[in-house]
Amino acid sequence: MAQPGRASLKEQRYDRQLRLWGDHGQEALEAAHVCVINATATGTEILKNLVLPGVNFFPPQGIGSFTIVDGNRVSEEDVGNNFFLQKSHIGQNRAQSATELLQELNNDVSGNFVEESPEKLLDSDPAFFNRFNLVVTTQLPESTLLRLAELLWNSNIPLLVCRTYGLVGYMRVIIKEHPVVESHPDNTLEDLRLDKPFPELREHIQSYDLDHMDKKDHSHTPWIVIVAKYLTKWFNEKSDKLPKSYKEKEAFRQLIRQGILKNENGTLEDEENFEEAIKNVNTALNTTEIPRCIEEIFNDDCCINLTEQSPSFWILARAVKEFVANEGQGSLPVRGTIPDMIADSNKFIKLQNVYREKAKKDIAAVGNHVAKLLQSLGKAPESISERELKLLCNNSAFLRVVRCRSLSEEYGLNTFNKDEIISHMDNPDSEIVLYLMLRAVDRFYKQHGRYPGVYNYQVEDDIAKLKSCLTGFLQEHGLSVVVKDDYVHEFCRYGAAEPHAIAAFVGGAAAQEVIKVITGQFVIFNNTYIYSGMSQTSATFQL
């Protein structure tokens with residue numbers, strides 16, 4: 001039994017994860033079963049980053065279980081670029097060999113392997129792939145990839161396509177709809193509502209009388225109260241609108257400076273809380289409004305037309321929308337947090353409780369809307385937990401929904417995103433050129449049963465063949481763009497090699513996207529990511 005006051009072994013071991021995505025995120029990871037197709041250098045690097053427990057490593061994950069599907073035997077080439085295969089494994093099944101070494105990284109993770117090619121599984125047991133939370137493919141031929149992508153798309157199972165080709169890294173996320181509650185945006189502003197103080201906040205602010213305080217209380221008044229007090233004075237004396245321009249904000253700062261106490265010599269006292277108020281003017285005076293991305297969610301057909309099959313996210317989003325139209329009076333639920341600041345403990349805690357209690361009140365109001373919606377849909381009241389409700393209300397300003405196009409749409413002649421490609425071809429060295437080259441080498445493989453330049457003696461002859469494949473692809477898709485011959489030569493020289501340095505980079509990046517999908521936290525890219533090892537640049541495209 002764990003001793004009181006001491007963190008459990010699990011909490012100590014996964015401390016960084018718990019700080020990053022909370023216990024609910026860690027639970028989602030531990031319950032996840034990920035399938036990785038092909039134990040290539042890229043595949044094992046992805047799994048390495050998913051299996052490691054995070055004591056001395058980053059990224060610090062630890063999924064519940066993984067299954068490697070790979071019917072190939074370990075070759076000398078595999079041993080040369082894959083740290084999870086050894087000389088003694090040559091001739092053995094690659095999935096089994098890699099699983100054995102990956103398991104050594106973390107005994108808490110269950111590792112499985114299937115000594116079968118994905119092509120044979122798709123033929124004999126396509127339902128096999130339905131058991132996973134997410135499927136990752138590496139170095140998969142186009143024909144097999146299209147079959148698998150169609151199967152998973154129809155089964156609503158996320159697919160992450162990964163590829164290392166010479167000095168090029170490629171990833172493609174394929175997921176119909178991915179709602180994100182905890183998007184963890186950078187540089188978020190505090191939700192203080194100073195422009196629209198709710199009644200409890202207004203009453204609390206009015207309880208302070210800055211003009212009749214002793215020096216100790218005056219210098220320990222929270223800066224939020226100070227800004228709110230002088231904002232009222234600004235509205236009464238200067239303008240009925242928030243200070244917006246630089247000139248107006250400087251005038252407002254000067255108004256606050258005039259409130260700093262002076263000693264008997266007329267010198268300003270050293271009141272750090274007032275300096276803190278002046279410093280926070282820019283961020284404290286933000287307008288309380290509903291972000292455009294949240295308005296889009298509210299106006300989404302999935303939010304307006306709920307059904308019994310609607311996921312919890314959309315029911316909660318609709319409940320928040322109804323809250324905004326009623327109790328919220330045009331505003332989202334209060335987040336309920338305030339930043340740390342210079343103040344005595346009593347004053348800080350009282351102010352903190354004002355925001356916390358308002359947040360609880362708003363959550364309860366949204367909860368009432370949820371209960372009514374669930375009843376109207378014929379769903380059980382417990383189908384949405386209190387934790388889900390609280391989490392979405394606290395993050396209601398940061399909700400995101402990512403919808404990716406299917407691979408068949410990307411590859412279809414009538415649905416190909418021609419405009420996206422053309423728009424990036426102003427730069428002849430844009431990463432989109434690498435995408436076109438990858439499509440060209442796949443066309444080469446389809447025509448010749450191999451990739452260009454695998455052996456040195458093939459390179460010169462394959463240059464013309466690959467250029468022909470590229471030209472055919474561009475013409476077939478109506479792309480009047482020019483790809484420099486240098487890229488054709490370079491891709492022939494790659495010989496479909498999978499350098500470990502690039503594979504490791506792709507593996508780390510891919511593992512992060514897997515974690516985002518499983519935890520529902522942070523925002524995945526939409527939908528194609530390409531890395532150039534030549535220029536060490538990367539870009540995302542919606543293809």
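## Exercises on a predicted model

The protein chain has 24 helices and 10 strands, where helices (H or I, at least four residues) and strands (E, at least two) are DSSP runs numbered from the N terminus. This is a predicted model, in which local features need pLDDT of at least 70 and side-chain atom pairs count only at pLDDT 80 or more, while totals for chains, interfaces and linings use all residues. Residues are numbered from 1 along each chain as its sequence is written, and side-chain values use heavy atoms, leaving out hydrogens and water.

**Exercise 1.** Find out whether L122 is buried or exposed, and which residues L122 touches.

*Solution.* 
- Start with the place: L122 lies in helix α6 (residues 118-124).
- Next, recall the cut-offs: buried means under 20% relative accessible area, exposed over 50%, and partly exposed in between (1.4 Å probe, protein chains only).
- L122 has 8% relative accessibility, so L122 counts as buried.
- Now look for contacts, meaning heavy atoms within 4.5 Å. Not counting residues up to four places away in sequence, L122 touches F129, T144, R147, L148 and L151.
- Take T144 from that list: L122 and T144 are 22 residues apart in sequence, and their C-alpha atoms are 8.6 Å apart.

**Exercise 2.** Work out which residues of the largest nonpolar core touch the most other members.

*Solution.* 
- A nonpolar core is a set of buried Ala, Val, Leu, Ile, Met, Phe, Trp, Tyr and Cys residues joined through side-chain atoms within 4.5 Å.
- The largest such core holds 57 residues, and L436 and F491 touch the most other members.
- Helix α21 (residues 432-448) gives the most to this core, with 10 residues.
- A second, separate core has 41 residues, among them F84, C404, V517 and I524.

**Exercise 3.** Describe how helices α16 and α18 cross.

*Solution.* 
- The axes of α16 (residues 312-325) and α18 (residues 386-394) come within 10 Å and cross at roughly 55 degrees. Axes are lines fitted to C-alpha atoms, for helices over the stretch in contact, with angles from 0 to 180 degrees between N-to-C directions.
- Angles under 35 degrees count as roughly parallel, over 145 as roughly antiparallel, 65 to 115 as roughly perpendicular and the rest as oblique. The two helices, α16 and α18, are therefore oblique to each other.
- On the α16 side, the contact is made by S312, F313, L316, A317 and V320, and on the α18 side by E388, L389 and L392.
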